[in-house]
Amino acid sequence: CCVSHCDDVSVPGSPDAQADLVVVRVPTYWHASSCVKTCPRGYRGDPETRTCVSSNTRFLCPKPEIIGTAADAKSFENCTYVNGSLTLSLHEDLPDKDLMTYFGSILEVEDYVMIFNVHHATSLQFLSNLTRIRGRKLWKNKYSFVLVSNFELSCFWSNFCDVR
């Protein structure tokens, strides 16, 4: 009768000198009784269930104590809700566009946000979708937002930032 899931779709990639054709696997998502390559406006693809879910649905972020590596940062991609604090102190250089990819979906943090020693970040545009810091638990019992020693930071999340 009906299929309620989608498999990856193989599409031709760019030609390669070593091979005749490179095949790229494109993930697909289940939405409105069919498979789609991208979810429609107001929805986002859930990589675990392979379905399109409302953008209002919370995707729980992982809970590392301190986000210090690119792998830690990548684990936050597509999550929207931090049930705890978001502490970012990257020991690796990540361009602003990667920071946006990894943290750009975060909408809400339950405790506090701390960004320190992220020397290469030029803006906080990667947190531009953050709408609420609840402050359930504060840093040093005082602060819900802490920004320290980010030497390349030149603007916050204004539309006028020149994000590289």
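Colleague: In S12, which residue is the bridge partner of Val-113?

Modeller: Keep in mind that this is a predicted model. Strand S10 covers residues 113-116, and four bridges join S10 to S12, the two running parallel. Val-113 has its bridge partner in S12, and that partner is Phe-145.

Colleague: OK, and what is the order of the strands in the open sheet?

Modeller: The open sheet has three strands with parallel pairing. Strands S8 (86-88) and S12 (145-148) each pair on one side only, so they are the edge strands. That gives the order S8-S10-S12.

Colleague: Switching to charges, how many salt bridges does a search of the whole structure find?

Modeller: One of them pairs Lys-74 with Glu-77, with the closest N and O atoms 3.1 Å apart. Lys-74 is partly exposed at 47% relative accessibility, and Glu-77 is partly exposed too, at 29%. Over the whole structure, the search finds five.

Colleague: Is Glu-110 buried or exposed?

Modeller: Arg-134, its salt-bridge partner, is partly exposed at 41% relative accessible area. Glu-110 has a relative accessible area of 12%, and the cut-off is under 20%. Therefore Glu-110 counts as buried.

Note on methods: Residues are numbered from 1 along each chain as its sequence is written. This is a predicted model: local features need pLDDT of at least 70, side-chain atom pairs count only at pLDDT 80 or more; totals for chains, interfaces and linings use all residues. Side-chain values use heavy atoms; hydrogens and water are left out. A salt bridge is a side-chain nitrogen of Lys or Arg within 4 Å of a carboxyl oxygen of Asp or Glu. Buried means under 20% relative accessible area, exposed over 50%, partly exposed in between (1.4 Å probe, protein chains only).
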